[in-house]
Amino acid sequence: MLTRLTHWLDLVLQVATIAMIVILSIVVLMGVAFRYSGNSLIWYDEVAAVLLAWITFTGAALAVLRNAHLGFNGLLFGLPLPGRLALFWIGEAIFITVCAIMTWAGWAILEIFGNETMTTLRFVPRSVVQGILPVSAALMLLGRLLTLTSRLREVHEGVDPETREIEHEIARAEEELASLKEARK
């Protein structure tokens with residue numbers, strides 16, 4: 001069940017992030033074309049900045065879901081099991097607390113804006129612009145909780161996931177090299 005939910009959340013975040021990258025590319029190209037023609041778009045800069053923020057935060061949520069964010073795996077996996085477990089749970093407590101505070105504060109900030117809108121596009125509410133903070137923090141929190149059991153299992157096994165990935169890629173490269181050598185014979 002968790003694996004299926006994790007897969008679907010990963011897919012939704014990928015699609016949303018890629019869609020926003022495509023939209024941002026179109027907006028940037030339109031901005032350049034209109035500026036070159038002498039008819040600059042007044043909303044270009046503001047929309048591009050908002051899209052970039054949304055791309056950044058949805059990408060961060062995707063990184064959390066994939067456990068691909070910055071970490072201290074060398075330190076964590078260099079410790080004996082009791083130390084690994086203690087450091088793991090301390091890190092989880094800090095991460096979950098920070099994300100919970102960001103989610104709560106983000107929703108509180110949205111209430112402050114009330115009926116405000118974007119400066120150049122008056123029909124877009126400020127909550128759409130600023131909504132990325134609570135949405136992404138909640139997605140990061142969800143992603144962290146969905147992957148908790150698999151990350152805890154890795155800590156118990158004592159095998160750094162990065163080391164496992166490197167070993168997998170080396171084995172794949174060796175297989176590829178062996179098949180190339182075989183094809184040359």
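What share of the contacts with a separation of 6 or more comes from residues 24 or more positions apart? I get 76% for the protein, taking contact as heavy atoms within 4.5 Å.

Note on the source: I am working with a predicted model, where local features need pLDDT of at least 70, side-chain atom pairs count only at pLDDT 80 or more, and totals for chains, interfaces and linings use all residues. Residues are numbered from 1 along each chain as its sequence is written, and side-chain values use heavy atoms, with hydrogens and water left out.

**Fold.** I find eight helices and zero strands; these are DSSP runs (helices H or I, at least four residues; strands E, at least two), numbered from the N terminus. The radius of gyration is 22 Å, well over the 16 Å that the globule rule gives for 185 residues, so the protein is more spread out than a compact globule. I took the radius over C-alpha atoms; the rule is 2.2 Å times the number of residues to the power 0.38. The C-alpha trace spans about 60 × 55 × 30 Å along its principal axes.

**Cores.** I looked up the largest nonpolar core next and found 14 residues. Such a core is a set of buried Ala, Val, Leu, Ile, Met, Phe, Trp, Tyr and Cys residues joined through side-chain atoms within 4.5 Å. Buried means under 20% relative accessible area (1.4 Å probe, protein chains only). Helices H1 (2–36) and H2 (44–65) each supply at least two residues of this core. H2 gives the largest share, six residues. Leu24 touches Ala48, Leu51, Leu52 and Ile55, leaving aside residues up to four places away in sequence. Another core, of 12 residues, lies apart and includes Phe95 and Leu139.

Terms used:
Buried means under 20% relative accessible area, exposed over 50%, partly exposed in between (1.4 Å probe, protein chains only).
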